[in-house]
Amino acid sequence: MKKFLIIFLALLTLSGCAPREEKASETIFCMDTVMDIQIWGQDAQTALKQVKTLLQELEATWSANDGKSFLAALNRGEVKPNAEQQALLDRAEELSRYTGGAFDPKLLSLMQLWGFASEIYHVPDEAEIKKVMKDGRWDLGALIKGYAAERIVQLLEPLKVSRAVMNLGGNVQTYGNKPDGTAWRVAIQNPNGGDPVGMVSVEGSEAVVTSGNYQRYFIGDDGKRYHHILDPQTGAPADNELSSVTVLCADGAKADALSTALFVMGLEKGSAFWRQNPGFEVVFVTQTGEVYATEGVNLSHCEFEVLSRED
């Protein structure tokens, strides 16, 4: 009987009957946000464990607010980065130069001054802002989740994983296509609440990252809302016509940095930057609810104006 079973299983394998695809999923709290991870494939459970370990290691290394992290020690001048850590720091500075400083990975003192690190909020005056603006302490909060998504894709590639989708606290990363073979559909959150602004369709490994003035903010004594996306030029929350910016890019870290940078730039300058720099697509949502999408975005379920590179 055992010999018969072995032969039967061998025939199933040769005839192309693949093992049943497994799914592993979990919701975790990491990097100060809720993350949802879904993975399909023979190695799904193994992949999930490795993904969780990777996220926890990155948090322990790059948290700007954990005094025990490598980054905190670096900011205190107590340690030097190894080759891998230096590569990420170099990349952050490269993205800052690429965006003309609109993305700045050294705004920790400003974030602390406004209270976004401690949630003990404070509206500083110009003298306070000027005092800390050139402090130069690292904060990779606007980059690290995108970098984590990149590392996860690299982790999945050698495993028997057919597809995955992860929401890393507003950073969506896809891998492969949906189980039915179609594209993933990612909703763009409505900054004012309610139904999503629209849906973007993406295939393969793609990062979809949104930065918005509704994600982290506080109301000051003056009744004004102050959000966490700080303009490196003024040291204050970026004050323009935008409510959110969504970037689609195969490069997760780049998408993360660009969503912040383009929000700081605003619609006009951000659109001009996109026209001059290929390799990503954008959806802008204004404070009055208008939607602008670059010509390469597969956007649906909303009315929008298309931005062309020839405009």
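This is a predicted model: local features need pLDDT of at least 70, side-chain atom pairs count only at pLDDT 80 or more; totals for chains, interfaces and linings use all residues.
The side chain of Asn213 gets to the backbone oxygen of Leu242 at 3.4 Å. That makes a polar contact (a pair of N or O atoms within 3.5 Å; within protein, one must be able to donate a hydrogen and the other to accept it, and residues adjacent in sequence count only if both atoms are side-chain atoms).

Residues are numbered from 1 along each chain as its sequence is written, and side-chain values use heavy atoms, with hydrogens and water left out.

**Exercise 1.** Find out where Asn213 sits, and decide: buried or exposed?

*Solution.* 
- Step 1: Look for the loop between strand 7 (206–212) and strand 8 (217–219); that's where Asn213 is. Helices (H or I, at least four residues) and strands (E, at least two) are DSSP runs, numbered from the N terminus.
- Step 2: Check the accessibility. Asn213 has a relative value of 5%, so it counts as buried. The cut-offs are under 20% relative accessible area for buried and over 50% for exposed, with partly exposed in between (1.4 Å probe, protein chains only).
- Step 3: List the partners. Leaving out neighbours within four places in sequence, Asn213 is in contact with Arg225, His227, Leu242, Ser243, Phe263 and Gln287. Contact means heavy atoms within 4.5 Å.

**Exercise 2.** Move to Ser211 in strand 7. Which side chain does Ser211 join in a polar contact?

*Solution.* 
- Step 1: Ser211 has a relative accessible area of 7%, so it is buried.
- Step 2: Its polar partner is the side chain of Ser259, at 2.7 Å.
- Step 3: Ser259 also shows up among the contacts of Ser211 beyond four places in sequence, along with Ile229, Ser243, Ser244, Val245, Thr260 and Phe263.

**Exercise 3.** Which side of helix 2 holds its buried residues, and what do they pack against?

*Solution.* 
- Step 1: Get the size. Helix 2 covers residues 44–62, has 19 residues and reaches 27 Å from its first C-alpha to its last, close to the expected 27 Å. The expected span is 1.5 Å times one less than the number of residues.
- Step 2: Pick out the buried ones in helix 2: Ala44, Ala47, Leu48, Val51, Leu54, Leu55, Leu58 and Trp62.
- Step 3: Look down the axis. These residues cover an arc of only 130°, which puts them on the same side of helix 2. The arc is taken from the directions from the helix axis to the C-beta atoms.
- Step 4: Name what they pack against: strand 1 (23–30), strand 2 (33–40), helix 3 (70–75), helix 4 (83–98) and helix 7 (144–156).

**Exercise 4.** Which residues of the largest nonpolar core touch the most other members?

*Solution.* 
- Step 1: Know the term. A nonpolar core is a set of buried Ala, Val, Leu, Ile, Met, Phe, Trp, Tyr and Cys residues joined through side-chain atoms within 4.5 Å.
- Step 2: The largest one has 68 residues, and Ile39, Leu55, Leu156 and Leu262 touch the most other members. Helix 8 (residues 252–265) gives the largest share, nine residues.
- Step 3: Zoom in on Leu262. Beyond four places in sequence, its contacts are Leu242, Val245, Val247, Gly270, Phe273, Phe280, Val282 and Phe284.
- Step 4: Keep the background in mind: in soluble globular proteins, nonpolar side chains tend to be buried together.

**Exercise 5.** How many disulfides does the structure hold?

*Solution.* 
- Step 1: A disulfide needs two cysteine sulfur atoms within 2.5 Å.
- Step 2: The count is zero.
- Step 3: Cys30 is buried at 1% relative accessibility, and Cys249 is buried at 3%.

**Exercise 6.** Take Met31 and His301. Which one is buried and which one is exposed?

*Solution.* 
- Step 1: Met31 lies in the loop between strand 1 and strand 2. At 14% relative accessibility, Met31 is buried.
- Step 2: His301 lies in the loop between strand 13 (299–300) and strand 14 (305–307). With 58%, His301 is exposed.
- Step 3: Check the backbone. Phi is near 55° for Met31, a positive value in a residue other than glycine; for His301 phi is near 65°, again positive in a non-glycine residue.
- Step 4: Met31 also turns up among the residues that Ile144 touches, with Trp62, Leu88 and Asp256, not counting residues up to four places away. Ile144 lies in helix 7 and is buried at 9%.
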